[in-house]
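This report describes how selected residues are placed and packed in a protein model. Please keep the sequence and the structure in view while reading.

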Amino acid sequence: MNQQTVPFLPFSRPEIDEETILGVSDVLRSGWITTGPQNQKFEAALSEFCGGRPVRTFNSGTATLEIGLRIAGVREGDEVITTPATWVSTSNVIYEVGATPVFVDIDPTTRNIDLNLLEKAITPRTKAIVPVFLAGLPVDMDRLYAVARARKLRVIEDAAQAFGSSWNGKRIGAIGDIVSFSFHPNKNVTAIEGGALVLNNEDEAVLAQKYRLQGVTRTGFDGMDCDVLGGKYNLTDVAARVGLGQLPHLERFTAQRRKLARAYFAGLGAGAAAKLGLGLPHADFENSNWHLFQITLPLANMTIDRAGFMAQLKERGIGSSLHYPAIHLFSLYRARGFTEGMFPHAERFGATTVSLPLFTLMNDDDVSRVCRAVNEICERYGN
Ligand SMILES: *Cc1c(COP(=O)(O)O)cnc(C)c1O
């Protein structure tokens with residue numbers, strides 16, 4: 001087929017149904033467009049999804065992480081353990097609350113925190129662990145929580161990418177300590193922008209509400225007080241309505257993503273790319289929601305670099321993205337003492353990974369097209 005006639009396949013694209021679009025119009029006409037009844041419904045639906053645990057919505061997954069840390073009591077002088085293979089917000093918020101991120105390298109197979117290295121990173125100043133479920137693949141929750149419990153550490157799960165994932169049949173969000181979700185447009189479920197924090201009890205939920213909106217509490221018609229230094233992190237009702245409209249589709253979304261991921265394995269498991277040494281993700285179809293399909297390029301065997309590879313995909317009408325360069329090598333982190341060689345697996349992964357298109361509106365033919373393109377590029381630029 002002539003390349004020009006094939007529509008561009010983006011890296012990601014949200015699926016929003018007509019009922020939701022109409023529902024958003026209703027909210028806009030209702031006279032109440034910021035945090036209100038739609039948020040209450042969204043929080044109730046999320047709470048039900050999380051086995052009845054208290055849930056509070058926020059305007060981003062970054063806000064939920066930061067407030068999760070505050071609720072866990074993380075403050076100046078504390079250390080918080082996480083990995084460098086994540087979106088930089090994960091560790092920026094650790095600095096934001098006055099604490100210090102302590103990175104642990106990833107396991108190159110799962111690309112999540114290497115639990116064999118976790119205990120060695122714990123010091124008397126360690127207050128919490130922020131495990132990242134990269135691409136929606138949870139870490140081994142039994143092992144993680146065994147260490148957290150034994151060492152009396154709080155856990156704030158960065159489950160931004162893991163809405164709809166599970167661990168041994170139990171939903172992420174329904175188990176664990178504090179859990180943080182994001183509803184950014186690229187995530188498996190979106191609220192345009194937004195996040196949700198899953199909490200342990202009503203005290204934490206009240207604190208979350210305070211942090212979410214200036215620390216203010218109101219009583220009666222005219223009583224107002226501020227007893228916590230909160231911020232401005234509330235979610236609009238327009239956003240909450242979009243999020244509500246996603247939840248009925250969640251199971252189909254996850255099933256479709258798993259199906260597409262299987263098609264990727266079939267298309268890339270053999271052929272020119274495989275021969276060249278292209279790396280594939282951990283093949284888990286039970287726990288992961290397949291938020292991303294991240295390959296790693298065998299750059300030593302290629303005559304183009306990663307940017308060249310992504311440009312070749314684009315020339316073939318295919319979008320791609322990058323999740324993530326190792327964050328300890330960003331300027332801000334280098335200025336705080338991190339250097340090359342500290343976390344070799346995260347560095348190698350960050351330097352070679354590419355995220356291929358994966359979203360619910362794709363079909364198997366789209367995956368075949370991407371796989372053909374990847375194999376063709378590897379054939380042409382392999383050495
Ligand atoms: C998206 C994401 C975040 C931040 O969520 P926002 O809603 O974009 O603020 C944090 N951590 C990870 C791993 C993410 O993927």
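N289 is buried, since its relative accessible area is 0%; buried means under 20% relative accessible area, exposed over 50% and partly exposed in between, with a 1.4 Å probe and protein chains only. The model is predicted, so local features need pLDDT of at least 70 and side-chain atom pairs count only at pLDDT 80 or more, whereas totals for chains, interfaces and linings use all residues. Residues are numbered from 1 along each chain as its sequence is written, and side-chain values use heavy atoms, with hydrogens and water left out.

The loop between α10 (272-276) and β12 (293-296) holds N289. Helices (H or I, at least four residues) and strands (E, at least two) are DSSP runs, numbered from the N terminus. The side chain of N289 makes a polar contact with the backbone oxygen of Q161, at 2.9 Å. A polar contact is a pair of N or O atoms within 3.5 Å; within protein, one must be able to donate a hydrogen and the other to accept it, and residues adjacent in sequence count only if both atoms are side-chain atoms. Leaving out residues up to four places away in sequence, N289 touches several others, among them A135, F163, N188, T254 and R258. Contact means heavy atoms within 4.5 Å.

## Aromatic pairs

How many aromatic pairs does a search of the whole structure find? The search finds 16. Rings of Phe, Tyr and Trp (its six-membered ring) pair if their centres lie within 6.5 Å; planes under 30 degrees apart count as stacked, over 60 as edge-to-face and the rest as tilted. One of the pairs is formed by F103 and F338, which is edge-to-face because the ring centres are 5.0 Å apart and the planes stand at 65°. This pair links distant parts of the chain, 235 residues apart: F103 is in strand β3 (residues 100-103), and F338 is in the loop between α12 (331-334) and α13 (344-352). F103 counts as buried at 6% relative accessibility, and F338 counts as buried at 11%.

F265 and W290 also form an edge-to-face pair, because their ring centres are 5.8 Å apart and their planes are at 85°. F265 is buried, with a relative accessible area of 18%, and W290 is buried with a value of 3%. Elsewhere, ring pairs join F42, F49, F163, F181 and F183 into a cluster.

## Charges over rings

A charge sits over a ring if NZ of Lys or CZ of Arg is within 6 Å of the ring centre and within 35 degrees of the ring normal. R212 lies over the face of F58, at 5.9 Å from the ring centre. The charged end of R336 sits over the ring of Y95, 4.0 Å from its centre.

## The nonpolar cores and F183

A nonpolar core is a set of buried Ala, Val, Leu, Ile, Met, Phe, Trp, Tyr and Cys residues joined through side-chain atoms within 4.5 Å. The largest one has 43 residues, and F42, I81, F163, I172, F181 and F183 have the most contacts inside it. Elements that each supply at least two residues of this core include α2 (37-49), α6 (141-150), β8 (178-182) and α9. The largest share, 5 residues, comes from α6. A second, separate core of 33 residues includes L268, F293, L358 and V374.

Where is the place of F183? F183 is in the loop between β8 and β9. F183 is buried, with a relative accessible area of 0%. Apart from neighbours within four places in sequence, F183 is in contact with residues including F42, L46, F163, V189 and A196.

## Helix α7

In helix α7 (residues 202-212), the residues E204, A205, A208, K210, Y211 and R212 are buried. Among the elements that cover them are α2, β1 (55-58), α3 (61-71) and β10 (216-219). N201 caps the N-terminal end of α7, with a side-chain oxygen 3.2 Å from the backbone nitrogen of D203. Q214 follows α7 and has a positive phi, near 65°.
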